[in-house]
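These are my notebook entries on one protein structure.

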Amino acid sequence: MRIGLLTEGGYPYVSGEARLWCDRLVRGLGQHEFDVYALSRSERQEAQGWIELPPQVSRVRTAPLWTVDDDGTAFGAGYGRRARRRFTDCFGELAAVMCDSGVAVAAGGRAACDELADRFGSALYGLAELARDEGGLVGALRSEAAVRILESACRAPGALRAARTARVPDLLTVAGHLERALRPLSLDWYEDDGLGAVDLCHATSGGPAALPGLLALHFSGVPLLVTEYGVQLRAHYLAAGDEALSAPARALLTSFHGRLAAEVYGKATIITPGNTHARRWQERCGAERAKLRTVYPGMEAARFAEVGEREDPGDPATLLWVGRIEPAKDLISLLHAFAEIRKEEPKARLRIVAAPAEGPEPAEYLTHCRVLAAQLFPDEADGAHAVGDNPVSFEEIGAPGTPDLEDAYAAGSVVVLSSVVEGFPISLVEAMFCGRATVSTDVGAVVEVIGGTGLVVPPRNPRALAEACVALLRDAGRRERLGAAARARALELFTVEQNVEAFRGIYLEIVSHCPVRREALDDAGEPVPFGNPAEAYMPGRWAGGGAGDAGTGGTPSWAAPTPQEADGDVRLRGVGV
C-alpha cells in the first residue's frame with residue numbers, strides 16, 4: 001500500500017522529534033511505499049539536511065513553519081469580493097468558536113459541545129477550500145481584517161473572560177501563531193497526485209502535522225492514523241508557559257489548540273498513543289476509547305545487547321544519569337540527593353552523561369548545575385600529596401574521551417531519573433535493555449514503563465531519591481534481580497520489532513475497513529471496466545474483518561481493546577504480546 005507519512009520538526013531531517021522511530025518504521029515495512037510530507041521548524045533544521053532514506057520512500061515534500069512566506073498578497077489585493085466574504089465568514093466562525101467561554105456548553109451538555117466542534121470543523125475546512133481556490137491564506141491570516149475579526153470575537157457576549165481584555169499587540173501575536181499553525185491549509189499537497197493518491201495518511205503527531213491528514217480525508221476520503229508519543233496539546237500547554245505571551249493570547253491559543261486536537265481525534269480512524277499517560281490526555285481531549293490502540297515506541301535493543309548480556313554488573317558505587325540537560329530534568333534535586341547519598345556511602349560517584357546543550361537556556365542550566373556540584377562537593381584527595389577529584393562528573397555524548405552511550409550504561413550499577421516532567425522515558429528503557437537497576441521519579445509514563453522492575457519515588461523529593469539509591473547501592477543481589485527483570489520487560493515490550501508489527505497490523509485494518517474509493521483509470525485517463533470489485537461500491541465496511549474476524553466487518557480480535565484498555569488501564573499490556 002501507499003502511505004502518506006506526515007511529520008513536523010522531525011523525519012526526514014537529521015535533527016528533531018520522532019526522527020528515529022519514523023526511520024525504523026519505514027525501514028521495517030519494506031513492502032509498503034512511503035510518501036513523506038514534512039513540516040520543518042527552523043532554518044537550522046533544514047540546513048542540516050536529511051538522513052539517508054531507504055528505497056521505499058518514493059517522494060519527499062517539505063514546507064517550512066518558521067518563515068512568513070507571504071508573497072505580498074495582502075488581504076483584499078489578491079482576493080475578489082466573494083473570496084473576501086468567504087474568508088470573513090470562515091475565519092469569523094473559527095474565531096467565535098475559539099473565544100467561546102463554554103457557558104452554553106455547560107448548560108446544553110453534549111449536544112452543545114458537538115455543535116461547537118461542528119462549527120470549528122466547518123470553519124477549518126471552509127478556510128482550506130478557500131486556500132485551494134485562491135492559492136493560500138498567509139496574507140489573509142496576517143491581515144488587519146483578521147485582527148479585526150479576532151477583536152470582534154473577543155468582545156462578543158459569552159467570550160472567554162481572559163480574551164475580553166485582549167489588546168492589539170495580543171491579537172497580532174495570536175494572528176501570527178494561527179497563521180503558522182494553519183500553514184498546511186495553504187500547501188498544494190492535496191491534489192490527485194499528492195495526498196489524494198495515498199491509501200492511508202499516518203500523522204506522527206497531532207497539531208499541524210495532522211492537518212494535512214485532515215484535509216486529505218476531507219478532499220479525497222483518505223483515512224487518517226494519528227500517533228502521539230508526546231501529546232502535542234500538552235507540549236503546547238508547557239511551551240505557552242515558557243513563552244512571553246500575555247494572558248489573553250495564551251487563553252486564545254490554548255482554546256484553538258484544544259479545538260484542533262478534538263477535531264483531529266474525532267476524524268482519525270485510529271489513534272495510537274505511546275503510553276497510558278498520553279492516552280489519558282487524548283481521552284480528556286475527546287478521543288473515543290474505541291479508536292485508541294496503545295503502541296509503545298520501538299527502540300533498538302541490539303545496540304545494548306552486549307552490555308545487557310555481560311556478567312559484569314558495573315561499578316557498584318557509581319550512579320548514572322543520562323539525558324538532555326534542561327530544567328525539567330531537575331538535576332538540582334539529583335545533586336542535593338547525591339549529597340545525602342555521600343553521607344551514607346562516602347565512596348559513591350555520580351556520572352552525568354548528557355547530549356550537547358542546544359540553546360541559551362540549557363547551557364545556562366548546565367552551568368548552574370556545575371557550580372552547584374562544585375559547591376556541594378569540593379575536590380577531594382586521598383592524601384596531602386594526591387590530586388583532588390570531584391565525585392560528580394559531567395560528560396558530553398560525542399565529546400573526545402567520552403565513552404559511547406552503551407559503555408556509559410555499563411560503567412554504572414544504578415541508573416537514576418530525577419525529572420519533574422517526562423513523557424516516555426527513553427533513558428530508562430535503554431537502562432533496562434542494559435540490565436541495570438533504576439531509581440525514577442513518578443512522572444509521565446515512568447511507572448508504566450518500569451512495571452515493578454525498579455524503584456519509584458515522588459518528584460522534587462531529594463531525600464526519598466537518596467534513600468532509594470542508597471538501598472540499591474547496598475544490595476547487590478537486589479540490583480541484579482531488578483536489572484534482569486527490567487531487561488526481560490524491555491525486550492518484551494519496547495523493541496523495534498514489536499512496534500513495526502503493531503503498525504503493520506493497524507495499517508491493514510484501516511485500509512481493509514476504510515478503503516479510498518477511486519475510479520480506476522488507464523494510461524489515457526479512461527475508466528477501466530471492472531477495475532474495482534463490485535464490493536467497492538457497497539456502502540460501509542465491505543472488505544471484511546481482519547485476522548481473527550474474517551467476513552464480519554467488525555474490529556479484528558487482535559485489535560480490539562482489552563478489558564484493561566476499556567477501563568483506561570493498560571500498564572501491563574504490551575503490543576503484539
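**Entry 1: The second largest pocket**

I first looked up the lining of the second largest pocket, which by class has nine nonpolar, seven polar and eight charged residues. I note here that the model is a predicted one. The volume of this second largest pocket is about 700 Å³. Its lining is made of 24 residues, and those closest to the centre of the pocket are Cys113, Ala117, Ala262, Cys285 and Gly286. H5 gives the most, with 10 residues.

**Entry 2: The cavities**

How many cavities of 30 Å³ or more does a search of the whole structure find? I recorded two.

The largest cavity holds about 90 Å³ of space. I listed its lining as Gly206, Gly207, Glu228, Val231, Gln232, Leu233, His257, Leu260, Ala261, Val264 and Tyr265. The elements that give two or more residues to this lining are H10 and H11. H11 provides the largest share, five residues. By class, I found six nonpolar residues, four polar and one charged in the lining of the largest cavity.

The second largest cavity has a volume of about 40 Å³. The residues that line it are Tyr229, Gly230, Val231, Arg234, Asn275, His277, Ala278, Gly423 and Phe424. I sorted this lining into four nonpolar, four polar and one charged.

I turned next to helix packing. Two packed helices are described by the angle between their axes and the distance between the axes.

For helix H3 (residues 81-99) and helix H5 (residues 110-134), I noted axes that come within 8 Å and cross at roughly 150 degrees. Angles over 145 degrees count as roughly antiparallel, and H3 and H5 are therefore roughly antiparallel to each other. Their crossing is left-handed. On the H3 side, the contact residues are Ala83, Arg86, Phe87, Cys90, Phe91, Glu93, Leu94, Ala96 and Val97. On the H5 side, I listed Leu116, Arg119, Phe120, Ala123, Leu124, Gly126, Leu127, Glu129, Leu130, Asp133 and Glu134. By class, this contact has 13 nonpolar, one polar and six charged residues.

**Entry 3: H9 with H11**

H11, noted above for its share in the lining of the largest cavity, also packs against helix H9 (residues 211-220), and the two axes come within 10 Å and cross at roughly 50 degrees. H9 and H11 are therefore oblique to each other. H9 passes H11 with a left-handed crossing. Leu211, Leu214 and Leu217 in H9 meet Leu260, Glu263, Val264 and Lys267 in H11. I counted this contact by class as five nonpolar, no polar and two charged.

**Entry 4: H1 with H21**

Which residues of helix H1 meet helix H21? I recorded Trp21, Arg24, Leu25 and Gly28 in H1, facing Val496, Asn499, Val500, Phe503, Arg504 and Tyr507 in H21. The class division is six nonpolar, two polar and two charged. The axes of H1 (residues 19-28) and H21 (residues 496-513) come within 10 Å and cross at roughly 65 degrees. The crossing is right-handed.

**Entry 5: Backbone details in loops**

Most residues other than glycine have a negative phi, and most peptide bonds are trans. I therefore looked for exceptions to both patterns.

Tyrosine 11 and proline 12 are joined by a cis peptide bond, with omega about 5 degrees. Proline 12 lies in the loop between strand S1 (2-8) and H1.

Aspartate 330 is a residue other than glycine with a positive phi, near 55 degrees. I located aspartate 330 in the loop between strand S7 (315-323) and helix H14 (331-344).

My last entry concerns glycine 435, in the loop between helix H17 (426-433) and strand S11 (437-441). Setting aside neighbours within four places in sequence, I found glycine 435 in contact with Gly308, Gly483 and Arg487. Glycine 435 and valine 414 are 21 residues apart in sequence, and their C-alpha atoms are 9.8 Å apart in space.

Conventions: Residues numbered from 1 in each chain as written. Predicted model: local features only at pLDDT ≥ 70, side-chain atom pairs only at ≥ 80, totals over all residues. Heavy atoms only, no water. Axes fitted to C-alpha atoms, helices over the stretch in contact; angles between N-to-C directions. Helix = DSSP H or I, 4+ residues; strand = E, 2+ residues; numbered from the N terminus. Parallel < 35°, antiparallel > 145°, perpendicular 65-115°, else oblique. Left-handed = near helix turned anticlockwise from the far one by under 90°. Contact = heavy atoms within 4.5 Å. Nonpolar A, V, L, I, M, F, W, Y, C, P; charged D, E, K, R; others polar. 1 Å grid on protein atoms, 1.4 Å probe; cavity = no way out; pocket = protein on both sides within 12 Å on 5 of 7 lines; lining within 4 Å. Points joined across faces, edges and corners; volume = space filled by probe spheres on them.
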